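Please read the following briefing alongside the sequence and the coordinates.

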Protein chains: 2
Amino acid sequence: MRFPANVTSSPLSRSLRVFQVYGANTDVGKTIVSTLLCKALRRRSQTDGVWYLKPVSTGAQQDADDLHITRFVKGVETKCFWQFKEPISPHLAAPQTPDHSDGSLLSKVREHISAINRLGTVLLETAGGVHSPAPSGTSQADLYRPLRLPIILVADSNLGGISTSISAFESLHTRGYDVEQVVVFANEKYKNDGYLLPYFSRYGIPLTVLPPPPPKSGPSDEAAMSEYYESTAEKLGATIESLENRHAARIANVRSMSGRAFSKIWYPFTQHEEISANSIQAIDSAHDDFFQTYTPSHDTSSSQMLKPKFDGSASWWTQGLGHSNPDLTLAAAHAAGRYGHVMFPGSIHAPALELAELLLDKIGNGRLSRVFYSDNGSTGAEVALKMALRASRLRYGWSPNEKVDIIGLKGAYHGDTIGVMDCADPGAFNKEVEWYSGRGFWFDFPKVGMKDGAWKINMPQEMGGSEIKFDNLASIFDVEKREGGVVGEQYANYIRGELKRAIKDEGKKFGAVMIEPLILGSGGMLFADPLFQRTLVNVVRNTPGLFPEFSEDVSSPDSWSGVPIVFDEVFTGLHRLGRVSSASFLGVDADVSIHAKLLTGGLLPLCTTLASESIFKQFLHKDKTMALLHGHSYTAHAVGCSVAKKSVETILELDQAGEWKAAKADWASQEGVEMDVWSQWRQSFVSEVSHLPQVEGTFALGTVLAVTLRDDKTTGYTSTAAGGLLADLKSNGVDARTLGNVVYVMTSLTSKQETVRALEDIIMESLRAM
Amino acid sequence: MRFPANVTSSPLSRSLRVFQVYGANTDVGKTIVSTLLCKALRRRSQTDGVWYLKPVSTGAQQDADDLHITRFVKGVETKCFWQFKEPISPHLAAPQTPDHSDGSLLSKVREHISAINRLGTVLLETAGGVHSPAPSGTSQADLYRPLRLPIILVADSNLGGISTSISAFESLHTRGYDVEQVVVFANEKYKNDGYLLPYFSRYGIPLTVLPPPPPKSGPSDEAAMSEYYESTAEKLGATIESLENRHAARIANVRSMSGRAFSKIWYPFTQHEEISANSIQAIDSAHDDFFQTYTPSHDTSSSQMLKPKFDGSASWWTQGLGHSNPDLTLAAAHAAGRYGHVMFPGSIHAPALELAELLLDKIGNGRLSRVFYSDNGSTGAEVALKMALRASRLRYGWSPNEKVDIIGLKGAYHGDTIGVMDCADPGAFNKEVEWYSGRGFWFDFPKVGMKDGAWKINMPQEMGGSEIKFDNLASIFDVEKREGGVVGEQYANYIRGELKRAIKDEGKKFGAVMIEPLILGSGGMLFADPLFQRTLVNVVRNTPGLFPEFSEDVSSPDSWSGVPIVFDEVFTGLHRLGRVSSASFLGVDADVSIHAKLLTGGLLPLCTTLASESIFKQFLHKDKTMALLHGHSYTAHAVGCSVAKKSVETILELDQAGEWKAAKADWASQEGVEMDVWSQWRQSFVSEVSHLPQVEGTFALGTVLAVTLRDDKTTGYTSTAAGGLLADLKSNGVDARTLGNVVYVMTSLTSKQETVRALEDIIMESLRAM
């Protein structure tokens with residue numbers, strides 16, 4: 001099974017030029033322009049082919065656009081898939097059967113184009129205007145977007161045509177299309193060409209002015225039209241040449257990008273010794289779950305240059321609602337058009353306020369009452385750290401430069417800025433970083449995974465190193481029941497003992513607990529036993545005498561106890577793991593909670609650090625310098641807040657609409673347990689993976705699949721066990737990432753079931769081939 | 001002198017509702033809809049006024065839209081400013097004289113609206129479609145944007161009208177307008193209403209379907225039309241009610257925002273004890289240099305609720321090309337529509353590549369060859385720090401956890417993340433921050449400023465505390481000449497001596513020089529003598545024996561010498577101070593250079609850290625962990641890179657087009673010196689300010705004006721001397737910020753001269769009133 005071609009292809013070929021003809025409105029002369037272009041193409045070369053494709057047409061057969069072309073131009077192969085009799089919009093004209101879905105139409109277009117194996121040019125003419133509906137009702141500009149064909153826009157030469165032409169262009173431009181040519185008929189009275197020429201030239205788009213066609217006056221039209229076509233096509237040589245040049249320039253550019261990047265870009269988290277100019281993939285565009293890529297080392301000189309690749313790392317865990325999602329684009333553009341970015345301190349604007357209210361309302365943690373904005377997970381974690389340390393310091397009466405540590409888990413990671421790097425235990429990510437010095441106490445912890453079809457918890461050596469089997473994943477999450485059992489007690493005793501030793505015997509001071517609930521992402525997709533994390537929080541909050549005595553009343557629901565609890569939900573939150581907040585798996589509420597990545601649906605950076613009123617109040621003081629003196633220039637930028645609001649609303653709607661019903665049903669078959677624990681990956685697939693000898697362990701939760709490969713030499717970040725697997729996945733159209741010997745693939749929240757099934761097949765095949 | 005009203009007003013009144021009627025195309029029935037609405041409004045209330053305004057109209061007088069209204073509806077006051085005879089686009093129909101400029105038109109509209117001092121509704125009908133040109137040629141959607149009136153969109157009921165209606169809506173939406181109501185005529189054949197109703201309901205916009213008007217058939221039309229209007233207006237009660245409700249809801253929302261923000265938002269750099277629910281200003285929108293604000297404590301219950309305010313802090317130093325700049329909006333939307341955000345390591349996309357190439361080409365520093373992306377100035381400075389420390393460590397053979405400091409200036413600031421906070425000397429910004437520990441050696445330094453009309457350099461106490469006068473600002477910048485003089489030698493000796501003592505006597509190790517060239521922004525707009533900074537760099541680079549010996553050939557132009565030199569140009573770069581790079585004022589090239597804020601023109605966060613190949617090569621290693629392990633999820637997000645590319649190109653074009661010619665001419669009158677040192681603020685104004693007894697010193701450079709107020713009690717960040725001044729400026733429409741006793745106001749790069757002149761007058765008045 002492979003990905004369905006109709007959702008993944010963007011034609012780009014050295015030999016075959018394909019252009020899509022859009023009109024600024026209906027009846028602006030698209031077919032006349034197509035006819036002229038076909039004629040001019042035929043004039044230009046006797047050998048190159050010319051193809052005209054009108055996928056959907058409405059109106060009487062004898063007036064059909066493809067017949068019009070055939071009538072006036074020799075040697076053009078024409079095609080229309082669906083001709084509907086009524087001269088009305090296709091979404092009204094199309095009969096119920098056969099299948100007129102978007103997928104069906106895209107498949108036909110793609111097959112038609114890829115079947116052409118010759119030099120030449122294809123013109124694909126749309127119906128009506130840019131947003132005129134396809135038979136399915138989808139706007140054509142959205143429907144054809146996966147192809148992202150270069151566009152010839154026929155502007156409107158009538159009164160009002162300046163406006164319709166510019167708006168049509170803006171609709172195409174905001175959907176990421178490249179308009180390569182504008183064509184307009186001269187009109188002595190309205191002179192739209194005179195206005196549109198400088199307008200489009202600002203975008204580097206040439207505009208061709210054509211003489212107006214003869215008026216329609218009856219059957220005698222044909223001779224007049226024929227003469228018009230003859231005389232006008234002659235003048236289109238420069239237009240055809242420009243189209244050819246732009247096509248050639250695009251190909252040259254795509255081919256050159258990797259080399260240019262290799263010499264100019266300093267890549268993040270990349271050992272440049274390990275990459276080459278030929279290994280960098282140029283991403284020409286992206287749509288839904290797929291990139292369109294060109295990698296020099298994989299250039300097979302086949303006619304199709306761009307290879308679709310599933311975005312298996314969700315573009316570093318950010319993606320969730322599909323690339324190039326028009327709703328997010330428009331949310332961004334509206335905020336940009338209303339505000340740009342506006343000064344935040346002392347002010348408020350609707351997107352920041354409404355996002356704050358939405359998050360506080362929906363994140364499901366009643367303690368949280370304040371929203372602090374910053375730019376990314378790392379800065380948001382620095383903010384959380386400053387909040388927590390201040391609260392502890394003031395309660396316990398320490399001086400600002402007292403040596404205070406945090407409590408965390410081994411393998412934690414909260415970002416790349418040095419302050420929060422210090423919250424991670426020493427490891428591969430920081431051992432060579434000059435100003436790093438770990439400031440914490442980190443517990444090793446029991447980890448969850450599946451091997452040979454069984455869910456297990458593996459205890460760390462410090463806790464005996466044993467293994468506990470479970471019937472299913474859901475029962476691991478039954479933390480309230482498990483809490484009262486032997487393991488729960490063992491966890492509590494262990495944590496209490498360790499903390500007592502650190503505090504009482506070693507004299508350490510702690511200012512915060514800082515953990516990623518459930519899954520420690522960067523640490524290697526480490527799946528923590530939720531009971532252990534829950535117990536850690538409860539021990540810190542509820543052990544008399546563990547922390548110094550204090551007077552504040554901690555019985556109120558938003559008061560913190562022990563030390564402030566910080567949950568880093570940057571990766572784990574917003575349904576990445578199947579729930580709006582992964583804290584809910586633990587059944588405890590944090591005092592401070594950090595949210596980013598999926599927050600903006602995979603479009604641009606923004607972070608929110610949410611805090612309880614109890615923490616907030618610690619910063620109220622007559623002295624200005626006691627305020628939280630943190631704030632980036634673009635704090636709470638309107639574009640990011642607006643996109644985040646739309647994203648969070650969409651995510652909540654997906655859940656309410658039962659978008660993941662089938663996946664949840666698959667996981668609901670875990671016997672005897674009713675719990676919202678599920679994955680987009682099928683149970684049976686995860687089990688199958690876990691049986692492979694190459695696999696040390698695996699798990700799936702929400703959108704995430706993680707597979708730990710056996711590596712007898714080394715484990716962790718420096719392992720290279722996954723190298724071959726990654727390359728194999730890549731050649732099969734899956735762009736995945738590893739963390740050492742852990743390979744992970746994650747879907748977006750909107751990935752289609754057939755896409756995930758295809759992914760499962762590809763992954764299984766690649767794993768078996770290892 | 002006050003700001004010209006036509007650029008600053010956005011009408012919003014409790015009593016007067018103003019709606020703007022746009023059409024999806026010309027001839028879609030805007031005037032018929034306006035007539036119906038006027039009639040329905042008259043039916044709804046006998047006492048409320050109804051006004052109809054058609055600012056620009058084309059076509060024969062007897063067919064004019066305002067006359068049409070008068071003919072069919074009683075009791076409506078109509079107005080047309082400009083009626084042009086030819087039924088063609090206003091930009092072709094308007095005669096050369098009188099003045100048909102945008103400013104003139106906006107003034108007339110505003111005056112007309114503000115002269116109405118009664119309860120009621122104004123309908124302002126546009127001409128043609130949304131992007132149809134005004135007499136000046138400006139698109140109406142852009143022209144009327146400063147008013148940002150709520151919109152009634154008349155959709156297109158003809159064939160193709162679904163597309164034109166949606167595209168028209170998108171053009172309005174991306175310009176930040178709120179469409180409050182869509183109206184469309186029923187059409188049995190095309191049924192556009194059936195498609196558009198659910199489409200607009202996704203945006204929460206109601207759609208009203210009207211029966212089609214009778215066909216035009218001659219002079220007997222009038223009776224048919226009259227009957228149509230009578231019978232149809234009856235049905236519009238719900239539409240009118242909806243418009244009224246939305247107007248009331250908008251007002252209620254604007255009034256509630258400050259209070260809601262006060263209880264939910266945790267503001268950056270804000271002591272919440274100092275603010276109240278009534279002091280927070282709600283920013284309803286922003287355009288060019290102006291916010292539209294509502295502050296509860298300033299609500300005078302006057303009819304006009306929104307007060308325009310000049311964005312005097314350039315929204316924390318980010319703004320440069322005008323708020324809501326449509327070019328930047330479209331650049332953002334295009335990238336969002338083409339990519340969303342795509343994975344960066346291992347990949348390349350056009351916006352990131354093209355921005356990198358543009359910066360390396362144009363920033364004017366031949367050393368720099370690599371671009372590293374991050375999200376804001378603070379993260380970009382962390383990246384720069386990691387780069388520099390690694391290079392030094394490897395050259396000098398230190399271990400990763402060796403105690404290494406940086407060399408800087410007192411009052412430096414590079415961001416709020418803890419790693420770069422450590423690069424700042426102890427002060428108000430960090431004294432209460434828990435994990436802060438300064439890691440550097442910071443020079444006090446000579447500062448530039450004007451007092452009593454004379455430019456002076458004040459030496460720090462360590463260097464004798466004397467004062468040097470200069471004839472003009474430009475001669476201070478003649479650093480090559482000054483370098484050979486007494487002061488140059490004094491600087492070199494002093495710096496060499498201090499560094500020798502630190503290194504040789506105290507055993508300090510240094511890993512980088514890190515400075516903000518010319519102006520230390522957050523430190524209080526400290527204007528450093530460029531010669532001092534130049535000398536610091538040269539001493540570090542060229543003093544034999546100061547740093548350990550090393551073998552690399554440092555004679556090649558991109559090799560670093562001594563320690564890497566890092567310039568933080570986050571605030572100072574990209575023409576903020578009048579040049580594309582402020583390093584050019586010093587005449588030395590950095591090894592690492594950080595750029596943000598203006599980089600994206602004031603729209604959204606992005607940072608680039610540029611480095612020389614010599615620094616980059618230090619990270620090439622077989623060991624993966626020796627790579628620069630830094631990278632945020634949204635690294636090099638396509639939207640940011642695309643906006644930055646457009647911004648930088650626009651900034652460079654402004655310079656080339658001589659945009660600042662007049663300002664440069666004003667400063668060119670500095671006798672005897674030819675140097676690119678200038679400001680948008682006039683020399684005479686700066687001089688006048690410097691003579692005020694309330695003023696300790698002042699300067700202007702590029703877009704920045706800084707005024708240090710006398711404060712006999714305290715200086716620096718904790719001073720409150722500026723409190724009254726700020727409030728006074730605010731009440732006069734200038735939203736400025738202070739850094740302790742330093743008040744600064746900065747313009748954008750596109751601020752109009754009359755705006756800056758008005759600003760000067762307001763500032764002078766407020767200063768005198770202190």
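The points below are grouped by topic, after a few lead sentences.

This is a predicted model, in which local features need pLDDT of at least 70 and side-chain atom pairs count only at pLDDT 80 or more, whereas totals for chains, interfaces and linings use all residues. Residues are numbered from 1 along each chain as its sequence is written, while chains are lettered from A and ligands numbered from 1 in the order in which they are written. For the complex, the predictor gives an ipTM of 0.97 and a pTM of 0.97. Chain A has a mean pLDDT of 94, with 97% of its residues at 70 or more, where pLDDT is the predictor's confidence in each residue, from 0 to 100.

- The contact takes 143 residues from chain A and 142 residues from chain B, two residues being in contact if their C-beta atoms, placed from the backbone, lie within 7 Å.
- On the side of chain A that touches chain B, the largest share, 10 residues, comes from helix 12 (residues 326–338) of chain A; helices (H or I, at least four residues) and strands (E, at least two) are DSSP runs, numbered from the N terminus.

**A sheet built from both chains**

- Five strands form an open sheet of mixed pairing in the order 13(A)-8(B)-9(B)-10(B)-26(B), where two strands pair if DSSP finds at least two bridges between them.
- Strand 13 of chain A and strand 26 (734–735) of chain B stand at the edges, each with a single partner strand, so one side of each is left without a neighbour in the sheet.
- Strand 13 (residues 347–348) of chain A pairs in the parallel sense with strand 8 (residues 281–287) of chain B over two bridges, and B:A282 is the bridge partner of A:I348.
- Strand 9 (residues 290–294) and strand 10 (residues 307–311) of chain B run antiparallel and are joined by four bridges, with B:Q292 opposite B:P308.

**Domains**

- Chain A is assigned domain 1 (17–247), domain 2 (337–655) and domain 3 (661–768), with bounds from an automatic or database domain assignment.
- The C-alpha centres of domain 1 and domain 3 of chain A lie 44 Å apart.
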